[in-house]
Amino acid sequence: MSAAQTGKDKPLSQSAVARVLEQRKTRLRVFVAGCVRSTELGVEIGPFGRPLLTGPDWNVRYADVSTTNELRRLAKSSPLRRVDRVVEVDYVLWNITLPQAIPGAGVRFVFGSHVYEHIANLLGFFRQLAAEMGPGGAIIGAFPNRR
């Protein structure tokens, strides 16, 4: 289902889209909480202005290919984004990978929603992350449904 349609080719209202997205976020939070403890250090990849995992409930850092200031600039030019919701980016992944950015940080899990499909060598990325996190680390993700 796209965010704008129900599958019956009838557009959803803005409030209906907001309800669908909030239900999705709730299901994802429950899923992630079933995989890892919220007190463990984690990284959410690419949340922009819609992080799923937020403090004080989660011990989480944020990673993106852009800096916080660049994301704010992009948010200003988009009617779908709000500048005040842009997260503070802890790991800027412009010229490095997340596994290269977090060595020794003690990261125990990585979460990404609709970002892993943009990684060219996903298996290599997962292998590098697993090696960095060690036994007990978790890689969690949500992927688009492209039936």
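A nonpolar core here is a set of buried Ala, Val, Leu, Ile, Met, Phe, Trp, Tyr and Cys residues joined through side-chain atoms within 4.5 Å; buried means under 20% relative accessible area, exposed over 50%, and partly exposed in between, with a 1.4 Å probe and protein chains only.

Ground rules: this is a predicted model, where local features need pLDDT of at least 70, side-chain atom pairs count only at pLDDT 80 or more, and totals for chains, interfaces and linings use all residues. Numbering runs from 1 along each chain as its sequence is written, and side-chain values use heavy atoms, leaving out hydrogens and water.

Core. I looked up the largest nonpolar core and got 15 residues, with V43, I45, Y91, L98, V107, V110 and L129 having the most contacts inside it. β1 (42-45) and α4 (122-133) each supply at least two of its residues; helices (H or I, at least four residues) and strands (E, at least two) are DSSP runs, numbered from the N terminus. The top contributor is α4, with three residues.

Next I checked V107: skipping neighbours within four places in sequence, V107 is in contact (heavy atoms within 4.5 Å) with L41, G42, V43, I102 and M133. Another core lies apart, with 14 residues, including V32, V36, W58 and A138.

Strand β1. Which way do its residues point? G42 and E44 go one way, V43 and I45 the other, and all are buried. I then found β1 paired in the parallel sense over four bridges with β2 (residues 60-64), and likewise with β4 (residues 109-113); pairing takes at least two DSSP bridges. G42 stands opposite V60 in β2, and I45 opposite G112 in β4.
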